[in-house]
Amino acid sequence: MAKTGFDVDDIRERFPVLHQEVNGRPLVYLDNAATSQKPLSVIEALNHYYTTDNSNIHRGAHALAARATDYYENTRKSVSSFLNAPSEEQIIFTKGTTEGINLVASTFGRKFIHEGDEIIISAMEHHSNIVPWQMLCAEKGATLKVIPITDDGELIMEEYEKLLSSKTKLVSVLHVSNALGTVNPMESIISMAHRAGAKVLVDAAQSTSHFTVDVQALDCDFLVFSAHKLYGPTGLGVLYGKRELLEEMPPYQGGGEMIKEVDFSGTTYNEIPFKFEAGTPNIADVIAFQKALEFVSTVGKEQLLAHENELLTYATEKLGTIKGFIPVGKAKHKVSVLSFLINGMHPFDVGMMLDAVGIAVRTGHHCAQPLMKRFNIEGTVRASFAVYNTKQEIDVLYVSLSRIAKRKN
Amino acid sequence: MNDIKSVQEEIIEEFSILGDDKESTIFYIMELGDKLPPFPEEEKKEDNIIKGCQSKVWLITKTEGDKVVYLADSNTDITKGLISLLIRVLSYRKADEILDSDLYFIDKIGMGSIIGSQRSNGLAAMIKQMKLYALAYQSKLNA
Ligand SMILES: Cc1ncc(COP(=O)(O)O)c(C=O)c1O
C-alpha cells in the first residue's frame, strides 16, 4: 500500500520529542487526543519570534511591532483558509476550545438564551461542552437536553429529532468524540437544527487534526478548536462564528484591543474579531501556529487521514485478538481513537504498566464522566494516533498489552 | 528477627534484585497485591475509604491481643501492592511500635519515582491513616 509522497520516517524526523527513551525503552507516544507533539518548525518559530520579532501588536509605531502584527494577522488568514471561512474577521483567537465555548456561552448565551429556552448537547460531550451550558441554563432558567447514544457509541438521531423544537435555541455537539473516536454526522445535526430555528456550535477539538473541516460546507454557526491538538502550541484556540452573530453578540471581556473609543460617559467597541480579543493576545503562539498549519498542509490532509485510518484499523484488529481486550466505542465511523478495557483490570493499572515500558496512553474518564456512566464504567484506556505513529509502535503496544492482559485472562 | 527495621531491610533487598527495570518492578508490586488477604466485602463502604488517594482504598483495623491488625483493599492492583507492603511492615504490631516507626524503605526503594508524585501522596495518606488508627488504639489503652 504505497502512498505516494508519504514517508512516516521523514515525518518523525521533524518531531524532536519522539526521539527519546522512557523507562529505558523508546517512547511510544499514543496520547495524541490529549495533545499532539510539535514539529521543529513550530518550536523554532517560537524561538525566532522571541529572538527577533517580539513586540506588542496592532498599536506600535515601529518596525518590530509592524512585523509581529503582520505575522499574527497572517496566521488568522491561514486559519481562515484552513476552515474555509468566508472572511478572516470571523476567526477569533482564544485560549482554547474551552474558552471558545465559554465565550459563546457568555456572549451569545447572555443575549439570546432566555427562560424556558432549550440547549441540546449529546451524551458523549467533553466536560468543556457540558459545564458552560449548565451554568448558563442555571442562570437563565433554560433547560439542557441530551441526545442519547447507542451501545456502540453513536448518536441516536431519531431521539435528537424528537428533542428539537421551537424552544431549542442552540445545539452544541462535538464533531469527534475524544473518548470513543466516534465521528458524528455533523451535516445532518446542523441542518436538522437549522430547520428547527436553532443555532449550532461544533466542538471541533478532535476533528480539525484529522480531516478537512469546512465551516461553509457544514454551515455551522460556531466552531471551536485548540491549536495544541493540531501540532500547534498550548494556550491557543480558535473560535469561528457567522458574521451576523459575531456582530450582534456583546463583547466577552473588557479591556484593551477590544475598544474603539473609551470615555467615562460610555465606550464603543471595536469591530470583529478584535471585539472578542481583549488585552494583549498570545502573540508568540499565534505566530508559531502558522507553522503547524503549514506542516499539516505539506503532509496533506488526505494522506494524513489515510495513514491514521490504516493505524486505527490495524490496531483495532490486532489488539482485538488479545484475550480479555474489550473495545469501548464501536461506531461505524471513527477516527484516531481506540478506547478499551482489559477484563478484570483497572485502567490505571494498565496505563501504569504501559508507561513502565515507555508507552504513553491516557487512562481515566477523559473529561467525559456522563459518557463513562452511560457505559457503567469508571474509565477506559485510550490509545490515540497521530500522523507520526507507526505500525511498529502498535506492535510494541500489542506485545506489552498481551503480557499485561495475561495477568487476569 | 521480625521487627519493623528488619522487615524493611528485607523489602529493600527484594527490590534491589529487581534493579532499575520498571516493568518488572511494577509487575512485582502488583503480584504482592494479589497475595493480600481477602477484605470483607461488607466493609467496602464510604466510611472506610481513605481520603487523598487517587484510587479507592478501604482500610479497617482489628486487634489481636495487644497487636493492631490492618486489613485493606483497593480497586487498583498497583495500590493493592503498595498497601501490602505497608501491611507487611506495620500489621500485627503494638501501637507504640507503629507510632514510632520510620518507614524509610519507601525512599530507599525509590518508590517516588516508581509510582509518581500523585500516588506518593496517596501512599502518604495511607500511612497517616494507619498511624491514626494505632493512635486511637493507644489512647483507648491508656484511657
Ligand atoms: C472534544 C473536546 N472538547 C473540548 C476539549 C477541551 O480542549 P482544551 O482543554 O484545549 O480547551 C477537548 C480536549 O481534550 C476535547 O477533546
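Predicted model: local features only at pLDDT ≥ 70, side-chain atom pairs only at ≥ 80, totals over all residues.
**Entry: fold and extent of chain A**

I began with the secondary structure and found that chain A holds 14 helices and 17 strands. I then looked up the radius of gyration, which is 22 Å for chain A, and this agrees with a compact globule because such a globule of 409 residues would have a value near 22 Å. Taken along the principal axes, the box that the C-alpha atoms of chain A fill is roughly 75 × 55 × 35 Å.

**Entry: packing and surface of chain A**

I next turned to burial, where 56% of the 409 residues of chain A count as buried. Among the contacts in chain A with a separation of 6 or more, I noted that 72% are accounted for by residues 24 or more positions apart.

**Entry: charges of chain A**

I looked up the charged side chains and recorded 40 positive and 48 negative ones in chain A, the centres of the two sets lying 6 Å apart.

**Entry: the contact with chain B**

Finally I examined the contact between the chains, to which chain A gives 16 residues and chain B gives 18. The two chains bury about 1,400 Å² between them, and 54% of this lies on carbon and sulfur atoms. On the chain B side I noted K22(B), E23(B) and F27(B), which supply 38% of the area that chain B buries against chain A, more than any other three residues.

Key
Residues numbered from 1 in each chain as written. Chains lettered and ligands numbered in written order. Heavy atoms only, no water. Helix = DSSP H or I, 4+ residues; strand = E, 2+ residues; numbered from the N terminus. Rg over C-alpha atoms; globule rule 2.2 N^0.38 Å. Buried < 20%, exposed > 50% of the residue type's maximum accessible area, 1.4 Å probe, protein only. Contact = heavy atoms within 4.5 Å. Lys, Arg positive; Asp, Glu negative; His and termini not counted. Charge placed at Lys NZ, Arg CZ, Asp CG, Glu CD. Buried area = accessible area lost by both parts, 1.4 Å probe.
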